[in-house]
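This report describes the sheets, packed helices and pockets of one protein model. The sequence and the structure come first, and the description follows.

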Amino acid sequence: MSAFTDADHAHMAAALRLARRGLGNTWPNPAVGCVIVRDGLVVGRGWTQPGGRPHAEAFALMQAGEKARGATAYVTLEPCSHFGKTPPCADALADAGISRCVVAITDSDPRVSGRGLERLRSAGITVQNGLLADQARAHNLGFFLRVEQGRPMLTLKTATSLDGRIALANGDSQWITGPDARALTHRLRAEHDAVLVGSGTVLADNPDLRCRLPGVDPRPVVRVVLDARLRTPVDCALLETAAAAPVWIVTALTAKNTDAAAALSRAGAELIFLPDPHDCGAVATALAERGLTRVMIEGGGQVAGAFLRAGLIDRAVWFRAPKVLGGDARSGIGALDLTRLTDSPEYRRVRLAPVGADSVEFLERKI
């Protein structure tokens, strides 16, 4: 049995839409969706809850109850087969008596990686894998990158003029884009585990960086600051709200026993000490080791340029205002040190849309 029906596609697409509700709230777990169907009727729907528990399958099974017996479960990621903070979802599905399980994609986590599918099959359940696999991988790219490469997915978000500028020469930058673009930025924050900026942005703008759309962010977004010299003021907006949303400061190992480090720690920051805090790869690894799967970079041109030079920007969300600031204004992207045009980072446009008086372009790295 290998062919998928139109109904299969529709139910898996619905499961992927459910899974999207968990983005930014489930790390270090993936954001999974599950739909349970019996006799053509949806009897259970679930998605991974904030903090990663309960899992999507458990949530959907609670809703389905006895109606799960003999039903088909559509799951956007292979059901887990290991005991973690919750029992294996593969066992839960089998115990519920489902007769068929349609899976979008195999889990790369070596603790699962095919074992969940095998456990279902050994329970006598018909298993089909690979439905909308590309969409499922794109949806959980951050989880897959963390498992496979030891780093989170990195999204560059920038808001520029038509000529790619983020501020005037004197630093004036509020606001290049309008309120609709800023509202969408808050929505994007909610779909990421963390937002990252450099200390220069903290000093220049004193940003809050929380998602401030009511009802959108059940799990606070981690605010990450790259600050090799520990210039972050203890009275900045980030630390004034550290009790409401975490603040992580990435700095040099040599700063570990300094008065500045102690003061920032007392103010509520968690400090991450690295031998070379300018090494973007090491920064990405450190964030993944702490469980992050999706990080949005909102820093200035220097931070954007550094991660682009390192080849670590997987996606970009580029807001453009219909105005021109000129060559003396500050660039949205720092120096890339290119000597050949063929070496430039290249992306493909996924979507271009108006947002108020501005426009937004969603891009993915070409592979």
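Two strands count as paired if DSSP finds at least two bridges between them. The model is predicted. In it, alanine 194 stands opposite valine 222 in β9. Valine 195 has arginine 223 of β9 as its bridge partner. Strand β8 (residues 194–198) and strand β9 (residues 222–226) run parallel and are joined by five bridges. On to the next strand, β9 and β10 pair in the parallel sense over four bridges, and arginine 223 stands opposite valine 247 in β10.

How are the side chains of β9 arranged? Val222, Val224 and Leu226 point one way from the strand, Arg223 and Val225 point the other way, and all are buried. In a regular strand the side chains alternate between the two faces of the sheet. Five of the five residues of β9 are buried, so the strand is largely enclosed by the rest of the structure.

**The nine-stranded sheet**

These strands belong to an open sheet of nine strands with mixed pairing, in the order β11-β10-β9-β8-β12-β6-β13-β16-β15. At its edges stand β11 (270–274) and β15 (347–355); each has a single partner strand, so one side of each is left without a neighbour in the sheet. Neighbouring strands of this sheet are turned against each other by 20 degrees on average, direction ignored.

Helix α7 (residues 179–190) packs on the sheet and touches β6 (153–160), β8, β12 (294–297), β13 (315–320), β15 and β16 (358–365). The direction of α7 makes about 165 degrees with that of β13. Helix α11 (residues 280–289) also packs on the sheet, touching β8, β9, β10 (247–252), β11 and β12, and its direction makes about 135 degrees with that of β11.

**The five-stranded sheet**

Another open sheet has five strands in the order β2-β1-β3-β4-β5, again with mixed pairing. Here β2 (41–47) and β5 (126–129) are the edge strands, each with a single partner strand, so one side of each lacks a neighbour in the sheet. On average, neighbouring strands are turned by 15 degrees against each other, direction ignored. Within this sheet, strand β3 (residues 72–75) runs parallel to strand β4 (residues 100–103), with four bridges between them. The bridge partner of valine 75 in β4 is valine 103. Helix α1 lies across β1 (33–38), β2, β3 and β4, at about 145 degrees to β1.

**The pockets**

Rolling a probe the size of a water molecule over the atoms shows where empty space is left.

| Pocket | Volume | Lining by class |
|---|---|---|
| Largest | about 1400 Å³ | 19 nonpolar, 19 polar, 12 charged |

Of the 50 residues that line the largest pocket, the closest to its centre are Thr201, Asp205, Glu298, Gly299 and Gly300. Among the elements that each supply at least two residues of this lining are α7, β8, α8 (199–205), α11 and α12 (301–309).

Technical notes
Residues are numbered from 1 along each chain as its sequence is written. This is a predicted model: local features need pLDDT of at least 70, side-chain atom pairs count only at pLDDT 80 or more; totals for chains, interfaces and linings use all residues. Side-chain values use heavy atoms; hydrogens and water are left out. Axes are lines fitted to C-alpha atoms, for helices over the stretch in contact, and angles run from 0 to 180 degrees between N-to-C directions. Contact means heavy atoms within 4.5 Å. On a 1 Å grid over the protein atoms alone, a cavity is a set of points where a 1.4 Å probe fits but cannot get out, and a pocket is an open set with protein on both sides within 12 Å along at least five of seven lines; lining residues have an atom within 4 Å of a point. Grid points are joined across faces, edges and corners, and a volume is the space filled by probe spheres set on the points. Ala, Val, Leu, Ile, Met, Phe, Trp, Tyr, Cys and Pro count as nonpolar, Asp, Glu, Lys and Arg as charged, and the others, Gly among them, as polar. Buried means under 20% relative accessible area, exposed over 50%, partly exposed in between (1.4 Å probe, protein chains only).
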